[in-house]
Amino acid sequence: MARAIVVGAGMVGLSTAWHLQGFGYDVDVVDRLGVAAGSSWGNAGWLAPGKTIPLANKSLWAYGPTALFDAHAALQVPARLDPGLWRFVAGFMAHATDRAWDATMARLTPADLGALAAFDELTASGVDAQTHDVPFIVGFEKASQASGFLAEVEGAARHGQDIPFEQIDLEEARRVAPVLSERVSTLYRMGGQRYIDPGAFCEALAADVRRRGGNITGGVEIVEVTSTRTPAVKLATGEWRSADVVVVATGAWLPSLVRTLGVRTRVQAGRGYSFSVPTREPVTAPIYLPHTKVACTPYRGRLRVAGTMEFRGPDEAFQPQRVRSIVHNTTPLFRGVNWAEREDEWVGSRPVTPDGLPLVGATKAPNVYVNGGHGMWGVVLGPLSGKLLARRIATGETDPAIAPFEPLR
């Protein structure tokens, strides 16, 4: 039996391993920490193809000073001398145009259209986890704030997505989102999206990989990947392990392992923060506040509140001010939330590319592949990209949905 080593035990790596098993591979998944220990655990858990869109858009051109100097900005870029960071920012901003947005959206759409079916395949085939199919509530303090979000929804629909979308009043929104305050004056209901508990889903996926004979090992740090006669990975201990195939799925830590293998696209950590809070009345649907970029999801009897995009190193220290900023921006728009009883405070490093496209496919090293760079969309696109990369590895066929994600571009 052919053997594969998958480096990374988040949603992307586990999905790749699961599908490789379907093609007859014996898989070993290794991670420096463990299952869902990176950005797969504390995110909002949205399976939202209608929001799986390019991050860079023309509105960012008016946002520069805010990102640098406003402590409560949804996007923060630290003012520091870091040539690599500023090269990334320059490349990212080069895609902040209508033309670039449309070009990237056209490339993302085929993957968006297949994302939910890829989750259904997992849950129908042994992965003991749920996806929750309920409309999302989208709210604004002022009607004028909604124009950018409406343009994004229209853009996704223009490129081929079917997104049920309608304006509703506060009374109707409160039936599923009673935390909304009177200050939220403009509200929409968006269908066709789902949500999950991302940590629990990854644990269930890992359990099924093990049930099918795979090994998953935490506490294993890979420091080098190479391929001469056969692909191999080097552990921090100095030990080498070889396999027929190696897949690197380490998210924001991709560059350290694949740059020498021809993958030159920079991957920058776009760090997001989250926490959970108790609410006076239960929230039964996700809530999105686009103006402040805050995403909220029902979570184990509480409400998970997630937000911010922070361009820092993936291993930099947790910044408590980012959590305080989310609370500061959200408190006026909510009611019946005990902000003082925060739990599960978390930061995760999402892997962002300058052009907004993932990196899924072969490297220059024979039989070494990469699956990452999904930005904020690693959870929703992970099962599909894992499925299609596994097919590429096993059959040599590149599905059109991942063809634009060529890692050597």
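Colleague: Let's start with H4: how far does H4 reach from its first C-alpha to its last?
Modeller: Bear in mind that this is a predicted model. H4 has 27 residues, and at 1.5 Å a residue you'd expect 39 Å. The reach in the model is close to that, at 39 Å.

Colleague: And where does H4 bend?
Modeller: The bend comes to about 40°. A proline, Pro110, follows within four residues of the bend. The residue at the bend itself is Leu108.

Colleague: Which residue with a positive phi follows H4?
Modeller: H4 covers residues 98-124. The phi in question is near 125°, and it belongs to Gly126.

Colleague: Asp112 has no salt bridge, so how far away is the nearest side chain of opposite charge?
Modeller: Asp112 lies in H4, and it's buried. A salt bridge needs a side-chain nitrogen of Lys or Arg within 4 Å of a carboxyl oxygen, so distance decides the matter.

Colleague: Then which side chain does Asp112 join in a polar contact of 3.1 Å?
Modeller: Leaving aside residues up to four places away in sequence, Asp112 touches Pro49, Thr52, Met105, Gln161 and Leu381. From that set, the side chain in the 3.1 Å polar contact is Gln161.

Colleague: On to the salt bridges: how many residues apart in sequence are the parts that Arg3 and Asp28 tie together?
Modeller: The two side chains meet at 2.7 Å, N to O. Arg3 sits in strand S1 (residues 3-7) and Asp28 in strand S2 (residues 26-30), so the pair ties together parts whose separation in sequence, in residues, is 25.

Colleague: Which strand holds Arg271, the partner of Glu310?
Modeller: Glu310 and Arg271 meet in a salt bridge of 2.8 Å, N to O, and both are buried. They also belong to a salt-bridge network with Arg80, Arg312 and Glu316. The pair links distant parts of the chain, 39 residues apart: Glu310 is in strand S17, and Arg271 is in strand S14.

Definitions and conventions
Residues are numbered from 1 along each chain as its sequence is written. This is a predicted model: local features need pLDDT of at least 70, side-chain atom pairs count only at pLDDT 80 or more; totals for chains, interfaces and linings use all residues. Side-chain values use heavy atoms; hydrogens and water are left out. Helices (H or I, at least four residues) and strands (E, at least two) are DSSP runs, numbered from the N terminus. Buried means under 20% relative accessible area, exposed over 50%, partly exposed in between (1.4 Å probe, protein chains only). Lys and Arg count as positive and Asp and Glu as negative; His and the chain ends are not counted. A polar contact is a pair of N or O atoms within 3.5 Å; within protein, one must be able to donate a hydrogen and the other to accept it, and residues adjacent in sequence count only if both atoms are side-chain atoms. Contact means heavy atoms within 4.5 Å. The expected span of a helix is 1.5 Å times one less than its number of residues. The bend at a residue is the angle between axes fitted to the seven residues ending there and the seven starting there.
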